[in-house]
Amino acid sequence: MTGKLAVILEASQIFWTESGFVHIVIQYNNMRCRWHVNREEHVGCEPEAMNISDEQIWITGGGSGLGLACARRFAADGAKITIFDLDDEAATERASEIGASVVKVDVGDEASVASAVESTVAYSGAPRVLVNCAGIGLAARIVGREGRLSTDVFSKTIQVNLIGTYLMMSHAARAMLELETLEDTGERGVIINTASVAWQDGQLGQAAYAASKGGVASMCLPAAREFGQFGVRVMTIAPGLFETPFPSRLGMAEEYALLASQIVENSYLNGTVIRLDGAVRLPRK
Ligand SMILES: NC(=O)c1ccc[n+]([C@@H]2O[C@H](COP(=O)([O-])OP(=O)(O)OC[C@H]3O[C@@H](n4cnc5c(N)ncnc54)[C@H](O)[C@@H]3O)[C@@H](O)[C@H]2O)c1
């Protein structure tokens with residue numbers, strides 16, 4: 001093992017094996033590693049996972065579907081949840097059981113995002129994790145019946161899904177970058193955005209939706225490259241078809257939440273898009 005070896009942990013982390021050899025546990029590149037003292041060889045490493053207990057987690061679109069499942073999962077893991085949703089009434093009703101705070105916001109409107117983020121930071125601090133789930137799924141042909149164009153659908157979808165994700169990411173990241181790094185992993189935070197498999201398999205009528213999700217997928221790597229040096233990771237989940245109001249069934253929202261939680265835990269996941277689709281490839285329509 002070469003490079004910067006960090007501290008040997010406390011004495012309780014020194015082990016004598018049955019054959020009389022000594023293993024010590026050291027902290028190395030944010031991993032707990034066993035070192036075989038007698039043979040001077042490395043035995044194995046155990047990466048540290050981010051502990052989100054008592055940390056602030058923000059979830060946009062957390063009043064329904066995938067976002068609500070994330071809110072429930074992270075709350076069960078001991079995090080403090082704030083839901084940002086346009087439909088604050090439904091969000092308040094559904095999230096009351098987990099004691100989440102709810103902030104009304106239109107993610108596609110920068111003034112609304114700026115004010116929601118500012119007031120939430122003032123009230124409860126910056127987020128350790130942001131999960132962007134707010135989104136809409138409008139469908140329209142590019143050239144519809146009698147030559148009707150669907151520019152309005154395109155603009156609205158880009159505004160909410162792409163610009164909305166960018167706005168929440170940028171405003172939340174600015175606050176996140178002010179946080180102290182965590183002792184166990186050396187990280188400041190994690191941002192998880194939501195694309196869709198339509199990013200790659202857009203169906204007929206999904207030009208707007210696919211374009212918006214393609215944008216979300218494409219900005220993952222540059223965002224991760226920008227924030228990586230500050231200890232903030234950026235990941236994107238591209239779900240297939242889920243059991244939520246939009247559309248009906250297949251994957252379970254809890255499976256999305258499980259992946260979000262696994263992303264938060266695994267410090268080496270960064271700058272990539274994960275399809276969560278059970279091998280589904282969307283057909284033409
Ligand atoms: N459900 C699926 O099968 C599926 C598949 C692929 C991608 N997705 C994506 O996952 C995300 C969540 O999908 P879902 O099925 O949970 O949707 P959903 O409709 O159940 O929930 C979306 C939430 O976003 C909120 N929202 C909508 N517009 C908003 C705005 N402008 N500002 C703030 N909040 C707003 C809604 O009020 C709602 O609570 C979306 O981005 C969607 O495109 C979902």
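Author: Two strands are taken to pair if DSSP finds at least two bridges between them, and the model discussed here is a predicted one.

Reader: In which sense do strands S6 and S7 pair, and which residue in S7 stands opposite phenylalanine 84?
Author: Strand S6 covers residues 80-85 and strand S7 covers residues 101-104, and they are joined over 4 bridges. Since the cut-off is at least two bridges, these strands count as a pair, and their sense is parallel. Within this pairing, the residue of S7 that stands opposite phenylalanine 84 is valine 103.

Reader: Through which helix does the chain cross from S6 to S7, and what is the handedness of this crossover?
Author: The chain leaves S6 and reaches S7 by way of helix H2, which spans residues 88-95.

Reader: Which helix gives the most residues to the shell around the ligand?
Author: The ligand is surrounded by 30 residues, the closest being Gly61, Ser64, Gly65, Gly135 and Phe242. The elements that contribute two or more residues to this shell are helix H1 (65-76) and helix H4 (151-176). With 3 residues, the one that gives the most is H1.

Reader: How many residues of the shell around the ligand are charged?
Author: The shell holds 14 nonpolar and 13 polar residues. The remaining class, the charged residues, numbers 3.

Reader: What share of the contacts in the protein with a separation of 6 or more is between residues 24 or more positions apart?
Author: The protein has 8 helices and 11 strands, and buried residues make up 39% of its 285 residues. Among the contacts with a separation of 6 or more, the share that joins residues 24 or more positions apart is 61%.

Methods. Residues numbered from 1 in each chain as written. Predicted model: local features only at pLDDT ≥ 70, side-chain atom pairs only at ≥ 80, totals over all residues. Right-handed = clockwise from strand over helix to strand, strands pointing away. Near = placed C-beta within 6 Å. Nonpolar A, V, L, I, M, F, W, Y, C, P; charged D, E, K, R; others polar. Buried ≥ 20, exposed ≤ 12 C-beta atoms within 10 Å, placed from the backbone. Contact = placed C-beta atoms within 7 Å.
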